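Hi there,

Here is the structure we talked about, ready for you to open. My notes on what turned up in it follow below.

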Amino acid sequence: MLSIKDLKASIEDGTQILKGINLEVKPGEVHAIMGPNGSGKSTLSKVIMGHPAYHVDGGSVELDGKNLLEMEISERANSGLFISTQYPTEIPGVNNVEFLKMALNSKRNYLGFPEIGDDEFKKLCEEKMELLEMDDRYRDRGVNEGYSGGEKKRNEILQMAILDPKVSFLDETDSGLDIDALRIVANGINHIMSPEKAVILVTHYQRLLDYIKPTYVHVLRHGKIILSGGPELALKLEEQGYDWIEEK
Amino acid sequence: MDSMNKVSLAQSRIQAIGMPRRNNELWTFFPVAKIPAASATNFATDSATASDAVSIPSTFEISAEKDFAALLPIAKNAHTMVRNIADGESEMALIKANNDFGHTVLNIGKNARVSLEILDNKVIHELAAERFDVCVDEGADVEIFFANPANELPLRFRHFRIVQAANSTVRFSSIERGNGISRVSIDDFLRGSGARFEMRTLNILNGDSSSHHRLTIYHEAPETTSVQFARNLLDGHANASYDGSVIVNPDCTKTYSSQLVNTILLSEDSSVSVKPVLKIYHDDVECTHGNTCGELDADQMFYLVSRGIPPESAKKMLIRSFAKELFYPLPDSPAKKRLLQVLE
Ligand SMILES: Nc1ncnc2c1ncn2[C@@H]1O[C@H](COP(=O)(O)OP(=O)(O)OP(=O)(O)O)[C@@H](O)[C@H]1O
Ligand SMILES: [Mg+2]
């Protein structure tokens with residue numbers, strides 16, 4: 001469903017960060033991407049979403065056969081792509097719930113559905129907030145405004161739960177979460193997951209993968225996926241780090 | 001001083017200081033060439049006799065006045081409306097000038113609580129000028145606000161001379177979104193300890209409109225506070241300027257003053273000028289000023305559109321939140337309600 005082929009992207013000064021990424025994601029799969037700091041994991045998520053800081057030098061990204069690279073960012077999202085950034089942006093003054101509703105209605109509008117009613121939205125919101133054990137603080141404040149690192153991550157998963165995307169790219173959603181929050185968020189992700197959907201998890205730690213079983217584990221280094229394997233690869237990386245890979 | 005004196009005094013004072021010029025520090029950023037000299041200085045000779053006799057507060061100091069805009073309504077023999085609000089009273093009032101030139105005197109008693117909305121005079125010819133003299137007694141709490149509708153104002157001056165006694169609070173809040181040229185000038189005198197002045201102004205400008213603020217805040221007693229907060233959203237060829245001076249007298253310990261101007265330029269041709277001036281004659285004071293200017297925050301834009309919100313809607317959301325944020329800190333009051341409602 002998500003097909004990334006030979007994707008190359010650079011930043012404004014011409015430095016190439018992604019040097020030919022290939023990734024094939026099918027419905028029902030969970031892909032974990034690991035790799036040392038600065039290898040290009042976050043860049044990959046932002047490039048497929050169309051972040052203006054990056055220039056695509058070559059390659060293709062397709063979602064269900066549609067070329068994402070030619071779409072507006074909002075269209076990519078409304079077509080079913082969701083990315084959770086490593087450092088969610090604060091938007092003071094834009095109420096979190098109003099934002100969620102606006103986002104959901106944009107998607108419904110794009111897909112030709114009528115706007116969601118107030119009651120129905122309220123119900124949906126409450127249900128998902130309960131799933132993620134979130135309290136009213138998330139309702140009253142601005143988007144991520146003054147949220148702690150962990151609260152921001154939880155708010156990202158709330159958005160994912162409400163927007164119900166086909167493919168979610170979650171960038172270090174586990175970092176900053178305490179032990180209970182990790183369990184809650186991971187359960188939330190499992191709950192949203194279904195055989196028609198797919199999740200890509202960027203993580204540095206095995207512990208998230210204890211909760212969410214990956215179908216594949218990939219190692220990204222210097223802008224390329226240099227090794228792929230099953231869940232056991234994550235365990236090996238946790239024990240031995242990344243250096244052995246290049247020696248191979 | 002009788003009324004005839006005040007008119008002729010203002011006229012001769014204008015003669016003495018001359019018409020506003022660029023090199024006059026009170027008019028640095030103002031397009032002075034746009035002031036129609038004829039209508040501004042053509043004073044009717046018999047005007048003085050038509051004036052109503054009003055007792056003038058000693059705080060007027062016309063003969064020392066330096067701002068042309070403060071003198072003009074008086075020199076034009078504007079009808080003076082006086083409103084006295086007794087000690088301890090609570091009052092909500094609307095003020096509206098019915099002529100091109102207006103003069104309002106407000107005497108606000110001890111511990112009074114007052115909310116004043118200034119409405120626009122929609123039938124203006126070439127030039128409109130209003131002056132407000134606000135005398136605030138001890139412990140009074142006053143809000144003054146206006147949100148000008150987006151109409152065709154050719155050229156408008158509003159001058160405020162505010163004198164505050166101990167422990168009084170004045171909150172001045174405004175939204176400018178007219179199509180013409182507007183200048184607001186404020187001289188605020190913090191004369192008693194514990195006095196506090198807050199000003200929040202938002203300029204939402206487009207086309208060739210421009211909005212200019214010139215403030216001087218005189219901290220003349222210890223433990224006084226002034227807060228200035230201006231935000232500009234400028235599109236088209238719009239231009240905004242902010243000229244804010246803070247003067248802290250000797251012996252004014254524990255003065256606090258802040259000034260912050262945030263501008264978002266929505267077009268290539270819009271512009272902003274900011275001039276902060278601090279004259280501090282004491283050590284034990286905290287004065288800050290800041291000035292930011294930029295476009296809409298790219299990360300915030302990305303975040304909104306990456307959740308499926310179309311770019312135009314995302315832009316509107318960010319603009320609206322930037323604008324509304326300015327007034328969130330106001331206490332719940334008619335001013336807050338009205339200003340936020342205007343921004344919906
Ligand atoms: N907008 C940018 N401007 C400049 N350099 C950038 C930009 N985006 C990414 N880079 C650089 O590209 C490289 C990859 O960054 P990226 O954030 O994708 O790494 P990462 O794999 O997510 O690392 P981490 O594990 O630390 O999150 C880094 O060297 C980073 O400094
Ligand atoms: Mg990263």
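**The ligand shell**

Around ligand 1, the shell residues split into three nonpolar, eight polar and one charged. Here Ala, Val, Leu, Ile, Met, Phe, Trp, Tyr, Cys and Pro count as nonpolar, Asp, Glu, Lys and Arg as charged, and the others, Gly among them, as polar. Among the residues around ligand 1 are Ile11(A), Gly38(A), Lys41(A), Thr43(A) and Gln86(A); a residue is near a molecule if its C-beta atom, placed from the backbone, lies within 6 Å of it. Helix α1 (residues 41–49) of chain A gives the most to this shell, with three residues.

A word on what you are looking at: this is a predicted model, in which local features need pLDDT of at least 70 and side-chain atom pairs count only at pLDDT 80 or more, while totals for chains, interfaces and linings use all residues. Residues are numbered from 1 along each chain as its sequence is written, and chains are lettered from A and ligands numbered from 1 in the order in which they are written.

**How confident is the predictor?**

The complex gets an ipTM of 0.94 and a pTM of 0.83 from the predictor. Chain B has a mean pLDDT of 89, with 92% of its residues at 70 or more; pLDDT is the predictor's confidence in each residue, from 0 to 100. Please take care with residues 46–53 of chain B, where pLDDT stays under 50.

**The sheet in chain B**

Chain B has an open sheet of eight strands in the order β2-β4-β6-β8-β10-β12-β14-β16, with parallel pairing. Its edge strands are β2 (90–96) and β16 (285–294), each pairing on one side only. Helices (H or I, at least four residues) and strands (E, at least two) are DSSP runs, numbered from the N terminus, and two strands pair if DSSP finds at least two bridges between them. Seven bridges join β2(B) to β4(B) (residues 113–119), and Lys96(B) stands opposite Leu119(B) in β4(B).

**Where the chains meet**

In the model, 17 residues of chain B are in contact with 20 residues of chain A, contact meaning that the C-beta atoms, placed from the backbone, lie within 7 Å. On the side of chain B that touches chain A, α5 (298–305) and α6 of chain B each supply at least two residues. By class, that side of chain B has nine nonpolar, four polar and four charged residues.

Happy to go through any of this with you.

Best wishes

Technical notes: Contact = placed C-beta atoms within 7 Å.
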